[in-house]
Amino acid sequence: MWAYVVNLAVLISINAILAVTLNFILGYAGIFSIAHALFFGVGAYTATFVAMKLGAGFLSATAAGMGLAAVISLALALPALRVRGEYFVAASLGLQMLAITVFTEWKSVTGGIGGLTNIPPARILGFEITQPEHFLVLSLICLILIILIIRALVRSSFGRSLKAIRDDETAASALGKNVALLKTLAVMVSSSFAAVAGSLFTFYLSFINVESFVLEVSVQIIAMVIIGGTGTLLGPVIGAVIVLLLPALLTYLPYLPPTEIGSIQQMIYGLAMVLLMIFRPSGLWGYGASQERKRGAP
């Protein structure tokens with residue numbers, strides 16, 4: 001039972017990183033992307049390649065994944081500069097589908113559908129992290145650091161400019177804000193931090209394949225952000241906890257066939273998002289966040 005709880009906690013912390021990083025562009029910059037799983041995958045595959053081929057440790061492999069994700073994110077930032085709304089959603093969808101094709105067909109690097117196995121354990125300063133409890137500590141440290149960095153960015157002039165673009169891009173541009181540069185930097189920051197989740201994921205499981213980075217994963221991350229509350233620091237974390245705990249709780253319901261859990265889970269997610277949009281559009285944590293904003297906090 002303890003091993004199951006620790007495993008669930010690790011997965012929640014990794015998904016919380018994905019939700020927090022997506023919220024940085026969705027909640028604070030108004031950039032609605034459904035390609036976040038792409039950068040999750042880039043971080044995972046890059047960290048795996050660097051660790052297996054070059055013998056790099058966790059920090060070096062993660063840094064490599066962050067750098068490559070930041071470069072590839074320019075492919076997402078470019079349409080963000082030219083189109084908005086549903087047109088950008090369509091562009092990010094195309095990028096996500098292209099990534100799935102690359103992950104599937106580039107078998108020499110990604111292993112294709114079969115994936116990659118025997119990934120070496122994470123090493124930090126010569127110490128191997130093999131115990132799930134130790135990996136939980138590492139993932140929580142990464143989550144807390146990313147939240148603190150995003151908190152600092154949101155409270156800076158950079159963050160205030162992003163929120164101005166979110167609220168009225170035309171007015172922000174008229175006030176002298178470099179909209180193109182700000183959007184590009186926001187997407188690069190979000191994508192590079194999403195790669196950290198990918199690195200944690202691959203080192204924890206010692207196995208990855210393309211199924212972990214498909215469109216459904218991007219949609220699930222969006223659900224975490226919306227359920228928890230966009231434009232808040234803790235809302236996405238709460239959303240990740242709810243979304244990851246739900247299937248675990250469903251397994252304890254009597255007379256529920258295991259094969260039906262996935263379908264019921266998707267129905268609950270959809271119903272929850274519809275109800276939230278009607279009765280609580282700011283998300284579960286949104287009310288508290290609105291009060292903080294009245295006091296001057298992000």
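How many positive and negative side chains does the protein chain have, and how far apart do the centres of the two sets lie? The protein chain has 16 positive and 11 negative side chains, with 13 Å between the centres of the two sets. Lys and Arg count as positive and Asp and Glu as negative, while His and the chain ends are not counted; each charge is placed at NZ of Lys, CZ of Arg, CG of Asp or CD of Glu.

The model is predicted, so that local features need pLDDT of at least 70 and side-chain atom pairs count only at pLDDT 80 or more, whereas totals for chains, interfaces and linings use all residues. Residues are numbered from 1 along each chain as its sequence is written, and side-chain values use heavy atoms, leaving out hydrogens and water.

The secondary structure comprises 14 helices and 2 strands, taken as DSSP runs numbered from the N terminus (helices: H or I, at least four residues; strands: E, at least two). Of the 298 residues, 49% are buried, that is, under 20% relative accessible area with a 1.4 Å probe, protein chains only. Among contacts (heavy atoms within 4.5 Å) between residues at least 6 apart in sequence, 78% join residues at least 24 apart.

Serine 192 is located in helix H10, which covers residues 179–205. Serine 192 counts as buried because its relative accessibility is 11%. Apart from neighbours within four places in sequence, the residues in contact with serine 192 are Met66, Ala69 and Ala70. A polar atom of the serine 192 side chain lies 3.0 Å from the backbone oxygen of valine 189.

Methods: Buried < 20%, exposed > 50% of the residue type's maximum accessible area, 1.4 Å probe, protein only. Polar contact = N/O pair within 3.5 Å; in protein donor to acceptor, adjacent residues only side chain to side chain.
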